[in-house]
Amino acid sequence: MPPVSAIIPTRDRPDLLADCLATLGAGGPSPALCEVLVIDDGSEVDLGPAVAEAASGGLPVRLERQAAGGLNVARNHGATLARGEILAYLDDDTYVGPGWADALAAGFSQTGADGVGGRIVLHFEGPVPPWLSPALRNYLSEFDLGDAPRWLDTTQLPYGANFAISRQTWSALDGFRPGLDRIGDSLMS
């Protein structure tokens, strides 16, 4: 199985980050997971304790800081530091299930794909508002195409909360475009 580097860009959200890291370390790290890189994009709060707590549980995690540059700059920074053949990206508020990294690695090995995306199920702390229709949930990054693996076309692109790209493809594309990012109140993606 190709080694997976999990890359988590984050800023000023230590509690969410701690929960994300806890799911990555639950039950011990997956065999395919060679490292977790937390890329701190100019936080004003200390993310060190959340990362140290995860590391104390055996998760191979390290914190790397950068000046605030945005999500795609952080993604690219993580890719340049990563050791894995697979660059797997998570949002800091994402929870993963057991075997997440192994499933990604298997997806690459079995298909030869350049990228792999995974299911994203929304977790609501209360009742789902009646106005939040399934069609509107994609704005919250909900992504669920069922259990069977499938090839995606340009109308079914996975969201950044749970996707992976091969290092070779990332290099060939020259990384992520920094201009396609949240800028003020505008979200270009």
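These questions and answers look at aromatic pairs in a predicted model.

Visitor: How many aromatic pairs does the structure hold?
Guide: Aromatic rings pair if their centres lie within 6.5 Å. By that cut-off, the number of aromatic pairs in the structure is 3.

Visitor: Are the rings of tyrosine 89 and phenylalanine 163 stacked or edge-to-face?
Guide: Their centres are 5.1 Å apart. Planes under 30 degrees apart count as stacked. These planes stand at 20°, so the pair is stacked.

Visitor: How many residues apart are tyrosine 89 and phenylalanine 163?
Guide: Tyrosine 89 is in strand E4, residues 86-90. Phenylalanine 163 is in strand E6, residues 162-166. The pair links distant parts of the chain, and the separation is 74 residues.

Visitor: Is tyrosine 89 buried or exposed?
Guide: Buried means under 20% relative accessible area. Tyrosine 89 has 0% relative accessibility, so it counts as buried.

Visitor: Is the pair of tyrosine 89 and phenylalanine 176 stacked or edge-to-face?
Guide: The ring centres are 5.3 Å apart. Planes over 60 degrees apart count as edge-to-face. Here the planes are at 85°, so the pair is edge-to-face.

Visitor: Where is phenylalanine 176?
Guide: Phenylalanine 176 is 87 residues from tyrosine 89. Its place is the loop between helix H5 (167-172) and strand E7 (182-183).

Visitor: Which residues form one aromatic cluster?
Guide: Tyrosine 89 pairs with phenylalanine 163. Tyrosine 89 also pairs with phenylalanine 176. The cluster is Tyr89, Phe163 and Phe176.

Visitor: What sits over the ring of tyrosine 89?
Guide: A charged end lies 6.0 Å from the centre of the tyrosine 89 ring. That residue also lies over the face of phenylalanine 176, at 5.5 Å from the ring centre. The residue is arginine 75.

Conventions
Residues numbered from 1 in each chain as written. Predicted model: local features only at pLDDT ≥ 70, side-chain atom pairs only at ≥ 80, totals over all residues. Heavy atoms only, no water. Phe/Tyr/Trp six-rings, centres within 6.5 Å; stacked < 30°, edge-to-face > 60°. Helix = DSSP H or I, 4+ residues; strand = E, 2+ residues; numbered from the N terminus. Buried < 20%, exposed > 50% of the residue type's maximum accessible area, 1.4 Å probe, protein only. Lys NZ or Arg CZ within 6 Å of the ring centre and 35° of its normal.
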